[in-house]
Amino acid sequence: MHRLSRESAHLAGRLLMGALGLGVALMLSGCPGKDKSAASGDTSQIVAQVNDSEISIHQVEAMLAAQPAIAEQLGANGPRRALDSLIDQELAAQAARQAGLDKTPRVLQAMELAKREVLARAYQDQLAEKAIMPDTEAVNRYYDSHPELFAKRRQYTLQETLVKAPTDKALELKDKVEKLATVEAVNALVNDSGLTHSRRNSVQWAEGVPMDLLSQLAYLKTGQSLGVPRREGLVILTLLNAEEMPMSSGQASNAIQAALLSNSRRELVQKGMEALRQQAKVQRMGAFAQAASGASAP
């Protein structure tokens, strides 16, 4: 039971990585200026005095909230470590201002970029908050449409062969290896090609495989291979063994619900940004105008 719980949690993490495209939050902690509680004379929220500046418990909590994984690892030591980091930031910021660095073009530009990113993230978060928690029917549809992740979930033992080759030779090799039925035949073909290559074996759960590859890998038989073109050549994934370890809809429901919610949030942000682009007047200039003229909008 504990193993299934860990697997379900791992699956949630993998699904969230693929679905969530909102970017990483930027936090400006230890910024100059006093907290609202300090400004109003409430010193009960102040946890450190750094020369003439104060750091409040709210700043400590905000730093921990921005990095939940790290906060969980630190446990009870998290607040103290966060405060130490904020103190170091404040000391460095004060020294920078004393040295006049806050007036340099590079720093001013970086501060403006950071301000723009924080504001943009706040707007995108506002868009994403409109996402609705998926219902049971939506969760069941997702479960049924991805048997390779759930009902037919497998653990794959793979031989990964990285072959360095120009594009034409890589594509030619891909066509050949995907017609072979044994790992011995694949290895012989690669060896005879004279191309530089390396091999390693790995064990991957279905949720650890990118979705575009999993849909193909899930239906391979032992000994068969899948060729994946890469910039440097070709990666050949040869199936050495597959052990079925299905996950019921009840075990997967929380992970699926989290993934669908994250996907909905991402889509709302994409639609909101597209609406802004449609309403705005944007003109690219110079070399950027030339580059954009032959490309479609992302």
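## Close-up views of a predicted model

**View A: Phe150 sits buried in this model, at 0% relative accessibility.** Buried means under 20% relative accessible area, exposed means over 50%, and partly exposed is in between (1.4 Å probe, protein chains only). A word before going on: this is a predicted model, where local features need pLDDT of at least 70 and side-chain atom pairs count only at pLDDT 80 or more, while totals for chains, interfaces and linings use all residues. Residues are numbered from 1 along each chain as its sequence is written, and side-chain values use heavy atoms, leaving out hydrogens and water.

**View B: Tyr142, Tyr143 and Phe150 make up one aromatic cluster.** Rings of Phe, Tyr and Trp (its six-membered ring) pair if their centres lie within 6.5 Å; planes under 30 degrees apart are stacked, over 60 edge-to-face, and the rest tilted. Searching the whole structure turns up two aromatic pairs.

**View C: Helix α9, residues 183–193, has a buried side.** Helices (H or I, at least four residues) and strands (E, at least two) are DSSP runs, numbered from the N terminus. Which residues of α9 are buried? They are Val183, Val186, Asn187 and Val190. Looking down the axis of α9, you find these buried residues within an arc of 95 degrees, so they line one face of the helix. That arc is taken from the directions from the helix axis to the C-beta atoms. On the face turned away from the buried side, α9 carries the exposed residues Glu184 and Asp192. The cover over the buried residues of α9 includes β3 (154–164), α8 (167–177), β4 (197–205), β5 (225–230) and β6 (233–244); contact here means heavy atoms within 4.5 Å. After α9 comes Gly194, with a positive phi near 75 degrees.

**View D: Helix α6 runs over residues 105–128.** At 1.5 Å a residue, its 24 residues should span 34 Å, and its end C-alpha atoms are 34 Å apart, which agrees. The expected span is 1.5 Å times one less than the number of residues. Ala114, Gln124, Leu127 and Ala128 are the buried residues of α6, and what they pack against is α11 (249–279).

**View E: Here are some of the 10 salt bridges in the structure.** A salt bridge is a side-chain nitrogen of Lys or Arg within 4 Å of a carboxyl oxygen of Asp or Glu. Arg80 and Asp84 join up through their side chains at 3.6 Å, N to O. They are four residues apart in helix α5 (residues 78–98), which means about one helical turn separates Arg80 from Asp84. Arg80 is partly exposed at 47%, and Asp84 is partly exposed at 36%. Glu137 and Arg141 form a salt bridge of 3.2 Å, N to O; they too lie four residues apart, about one turn, in helix α7 (residues 136–145). Glu137 is exposed at 53%, while Arg141 is partly exposed at 49%. Lys174 pairs with Glu178, and their closest N and O atoms are 2.8 Å apart. Lys174 is buried at 17%, whereas Glu178 is partly exposed at 32%.

**View F: Asp175 lies in helix α8.** At 44% relative accessibility, Asp175 is partly exposed. How far apart are the C-alpha atoms of Asp175 and Leu226? They are separated by 9.3 Å, with the two residues 51 apart along the chain.

**View G: The protein has a mean pLDDT of 85, and 83% of its residues reach 70 or more.** Over residues 16–34 the pLDDT is below 50, and this stretch has 40 contacts in the model beyond near neighbours in sequence. Residues 294–298 are also below 50, with one contact beyond near neighbours in sequence. pLDDT is the predictor's confidence in each residue, from 0 to 100. Where pLDDT is low, the predicted coordinates should not be read in detail.
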